[in-house]
Structures are given as C-alpha cells and as structure tokens.
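Student: Could we go through this model together? I would like to discuss its side-chain contacts and then one of its sheets.

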Amino acid sequence: MLRGNRWQFLALIAAALVFVGVLLGRPAPSPAPIQTPAPQPSVSPTPSPTSAPGETPAPTPAPVLQIVQETTDGVPTYREALIGRLQRLNPLFASLNPVDADISSLIFEGLTTINVYGEPVPALAKSWLISSDGLEYVFTLRDDVLWHDGIRFTAADVAFTMSLLRSPDFPGERALRDFWRTVETQQLSDTMLRFRLTQPLGSFPDALRIGILPEHVFTGMPVNQLAVHPANFSPIGTGPYQLEALRGASGIVTQVDLRVSPNFRLRPEAQSAFSIDRVSFRLVDTYDAALAALSAGEVDGLAARSRQERAPLLDRAAAGVVSLHNAIEPTLGVVIFNWASESYPVFSEERVRRALLLGADRRKLVERTALYNQAVPAESPIIAGGWAFDPTLITPFDPAQAAFSLNEARIELPETPEGTPTPDPASSPRLAFALLVSDDPVLVSVAQQLASQWAALNVLVTVEPLPVAQLEERLNAGLFQSAMVELTQLGTADPDVYDFWHEAEYPDGKNFGGANDRFVSEVLEHARREPNSLNRKTAYISFQNEFLKRAIAIPLYYPIYTYATSPQVTNVQLGYLGVASDRFVGIGQWTLSQ
C-alpha cells in the first residue's frame, strides 16, 4: 500500500520540509506594545483654590514705578482699597494672591465668564459644541477681539496658554497644572479649538474662565521663567481695562491705575457701557488702614474678606458713609455626622439624622443669634443663588415629627462598661453626643443654641470648641461624633459638591464623616459627568431633595459677602460669586454720580 502511494507520500514530506523552512526563515515576532494608560484627572478635577506648601513661585523683579500723585485730570475714577501686595499681573498665578486676582480679572478674559447665576456663558468664545460622549468640546472664538497692544486675538493664544499650564515646568499652582495635563488642546483654525478630556466633566466650561495670555508676548520664554517674566508688570490682556500706571516708591507698588482699553471699546457690548473710565486700586497693609481710607473719602470701595470685617462696614452704612452690596458666599455652614464611627454608630441610622434635622429651628439659629446680619439660613447643600440651586426646598421646624422619628429609630448605644450602674431610661437622655466647632465666638454661640434646641428632644449635646487647626486634625482623623463646619467652594462657580458627599471621598477626602448613601453618590457621579447643563440641573435638584430626605447632614447657613462703596457709585449689582473678583463682573454698568 505504501509502494502504491509513494509519490503522494514523498510529496507530503516535501511540503512539510518547505513549511518548516519557511518557519525557520521568518523573523521573530515583535513583542506586543505595552499599553500606557491615559492620564486620568484627579478625583477632584476642579482646581483647588488653595496652593500646596512649597508652591510659591519666584517673585517677579520689581517694576519701574511712578511717584504716587493724586490724579486730578477729571477722568471718572473709581478708587478701591485692597489689602496686601501686588506680586504679578498674570492670570495663571492669580489664584495665589487675592490682590493679583482682583486686578487681573479686569485686564484678562477667559473663554467663558459667568452670568448672575454662576452659569458659564461665552466671553472670548462665541459658542461651543460638546460631543455626545462628553469628551470633546469644540469652541468657536470671537473674531472681533484685539489685545490691548492691537494684535488680533486668535486660537493660537489659547493653545499657547494651555501649553504653559500643561507644562511639567509650570511654576504656578500644582493642582492647576495637574488638571490641565489631562486635557488635550488642538487648534483647528484661527477661531476654532478642540479640547479633549480623558473623562466627561460637566464643570469644564467653568474651568475655561482662566485668563488667556498673549502668545506674541511670552513666546520663546522657558516655562519655568514665567513667574519672573517682565510682562507680569506690563500686562497685555483683552479685558475691559488695561494698565495705565504702577505707582509707588522703592520697588513697592502702592497704587495700580487701569483705564478702559480703547480696543475693548470697539466691541459692540462696550459701546454704551463702562462709563467709569479709570479704576484705581490703592494697596494698603491692613484692613484698618483700608477702613480709614474709606471713612476719609480717599477710596470709594472696600470688600470685607471675613465675618469679622463686615461689622465696621455695617456701622459705616448705618451712618450713611457707604452703601452696602451683599451676596451669598460660596460656603455652607453645616452639621456633619460621623457615619463611620465604630464606637458611636448612632448616625448611620437615617431616622436619627432626620429627627435632628426636623428638631433644628435653623431660621431662629441665624436670625436670633450672633449670625444675624452675618448669614442667611440654608435649606440646601447647594449654594443659594446658583443655577443648580432649588429655591423651592423647605424643611420646616417640626419638633413633634422629630420626636416621633427619634422614638422610631433603632438606636444602638455603646454598651455600659462592666461595673457601671445601668442608667435609668426614664431620666437619661435619648441621645448624648459631642458637637465640635471652631472656637470662633459667633459659631460657638450658634452651636450652643442648636444644643439647646435638641435638648427639647431629650438629646444631650456637649459643645466642644477647638482651635481651627485642632478641629481640622480631628476631622481628618475621624475623631468626632458630630461637627459644625463651613464647607467652602471658593474658587469655582460650579455647583459640584462631589468632594463633600460622595462615598469615595472617605477616608482620604473631604467627606469627613464617611457619609455613604449609594443613591446620593450615584446622582453626584451623574451630575459631575453630564455635559448638558439642563440635565445637570435636573440631577442636582434630585440630589438636593434626596440629601434632605435622607438627612445626609444638616445645612444651617450661608455667610454673607459684603462689598461697600461710596454713595457716588451707583448701579452696583452683585450676582453669584465663585471668587471674590466676581464682584467686578457687572462693572460695565456701574456709574459715578457727581
């Protein structure tokens, strides 16, 4: 049989030999490439307003100054006192120094700004489109914008600014650099740009409020030298005002004069606005010096930076010296509970938290304590006045329902130590816990009032005042049962509160009490990723309702921001304040009376 098929057999052997030869002759396959993961935004993509230690960039060399002389040229001039020193007029460093931030906000513009509700609206941008997956933003820019030196603004300036922020050598705020390193920027034309994110981020238009730098001024400069560039004291922006003069002596700037930019006046929106032709900032070392200048009529405006600085402005308003303009600070005064405490697990029970919410007369806490005229009651974890805030929310003070909820609660108190007499339930408080608070006398008095209100529910609360540093240590370590704190969103106008209430933010985030409601976390995740503002608002309204229904924490108050101007300054309207310099958003409508 083998002989009869030998030709077929020999052909098979020959084919096998050829196949083996081909295999031996092939080059060895290349190893598969290693997939490098794309950089991911940090858990909190919104840049933190606080710089990390060691981030102080080198000072810009002292500018050439003019001797201070009171201007008497008849130009309509608004004079405002600022407390502190000028470091540089560069928007990429503005978050490091409030004085720089205030002045730079009038010189530079971002692609977006905000309306009176804090909602992003076009500034240097004309419009933008968002891809269906929320990862790409294509911006169309205005084509009628000139820099203060007459050069046309283009998309190349935006791409250049983003390249500075993204550089590993960027000498400014680290959180800012880390965020922008996750965003790709592609210039499509002179008036179009595409941004690509590594994950959807609904607050991205708010991040584009950062001021844009002119490429033709800074190009060719090593990025690590940005903080010391001479242009930081001779800024060229696109904003409504441009630098007129730096005044002072011995290298110390004591006065910064701005004038309305002639190139800005060419824009349609400036034709019938900006009647205040000059803004003159007077820099002083202390708040007392600023107050004295305001009382003497040497300046026309002064903003309080804290609760303590509001009181003297109220006194001067009562005397008719100034007019006050108030807004809500982007800060929430709130009682948080330690859900994660193993030694005192009471606050993981929703009915306990709900009872304490219903048993707190928050309006009385604000209106009949030292917070009167310093704050307004809070009905939501979202800052009032913002575009995502639900104004219909009201949780009434209801002590009867609070008592019922407390009685229905399954309260598992720690076991009584062996040898200790068992307390008599009839004479013992239903609950007993400590409430931490900073040692600010105003806040201590509010905490004590709150403890008195809860005493009516047979709840014993021990108020424990602590210096701020110790309070922060206790919060970070989870060593508390409840605490009255102020959660600030200063630095952004976006309503994202993921950092405070999402379960992933415990134990290494700002969710100090370990609140771990899955539904609330899912809504916050959706709202953070959703690019459509209407859908985001719907999500945040759902979040606010569920937050109160489940009593995640107890919103108490929003501090009031106060800005004082002389009676000669009129038409001042404050909208939503994401940062203090947002008080100037409407400056185009301000007027000076004789």
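**Charges, rings, strands and cores**

Tutor: In this predicted model, the charged end of Arg88 sits over the ring of Phe93, at 5.1 Å from the ring centre.

Student: And over which ring does the charged end of Arg583 sit?

Tutor: The charged end of Arg583 is placed over the ring of Tyr563, 5.3 Å from its centre.

Student: Changing topic: how many aromatic pairs are found in the whole structure?

Tutor: The search finds 20 aromatic pairs. One of them joins Trp128 and Phe139, whose ring centres are 5.1 Å apart; their planes meet at 25°, under the 30 degrees required, so the pair is stacked.

Student: What about Phe179 and Trp180, stacked or edge-to-face?

Tutor: Phe179 and Trp180 are edge-to-face, with 5.1 Å centre to centre and 70° between the planes. Both Phe179 and Trp180 are buried.

Student: Which residues do ring pairs link into a cluster?

Tutor: The cluster consists of Trp128, Tyr137, Phe139, Phe179, Trp180, Phe195 and Phe204.

Student: Now the sheet. What is the strand order?

Tutor: Four strands form an open sheet in the order E4-E5-E7-E6, and the pairing is antiparallel. Strands E4 (125–130) and E6 (184–189) are the edges, each pairing on one side only. On average, neighbouring strands of this sheet are turned by 20° against each other, direction ignored.

Student: How many bridges join E6 and E7?

Tutor: Five bridges connect E6 with strand E7 (residues 192–196), in the antiparallel sense. Within E7, Leu193 is the bridge partner of Gln187.

Student: Last topic: which residues have the most contacts inside the largest nonpolar core?

Tutor: Ile336, Trp454, Trp501 and Phe543 do, in a core of 81 residues. Helix H12 (residues 441–455) gives the most to this core, namely eight residues. Apart from this core lies another, of 75 residues, including Ala125, Leu141, Leu164 and Ile236.

Student: And what does Trp454 touch, leaving out residues up to four places away in sequence?

Tutor: Trp454 touches Val335, Leu356, Gly359, Ala360, Phe433, Val459, Val461 and Ile554.

Definitions and conventions: Residues are numbered from 1 along each chain as its sequence is written. This is a predicted model: local features need pLDDT of at least 70, side-chain atom pairs count only at pLDDT 80 or more; totals for chains, interfaces and linings use all residues. Side-chain values use heavy atoms; hydrogens and water are left out. Two strands pair if DSSP finds at least two bridges between them. Helices (H or I, at least four residues) and strands (E, at least two) are DSSP runs, numbered from the N terminus. Axes are lines fitted to C-alpha atoms, for helices over the stretch in contact, and angles run from 0 to 180 degrees between N-to-C directions. Rings of Phe, Tyr and Trp (its six-membered ring) pair if their centres lie within 6.5 Å; planes under 30 degrees apart count as stacked, over 60 as edge-to-face and the rest as tilted. Buried means under 20% relative accessible area, exposed over 50%, partly exposed in between (1.4 Å probe, protein chains only). A charge sits over a ring if NZ of Lys or CZ of Arg is within 6 Å of the ring centre and within 35 degrees of the ring normal. A nonpolar core is a set of buried Ala, Val, Leu, Ile, Met, Phe, Trp, Tyr and Cys residues joined through side-chain atoms within 4.5 Å. Contact means heavy atoms within 4.5 Å.
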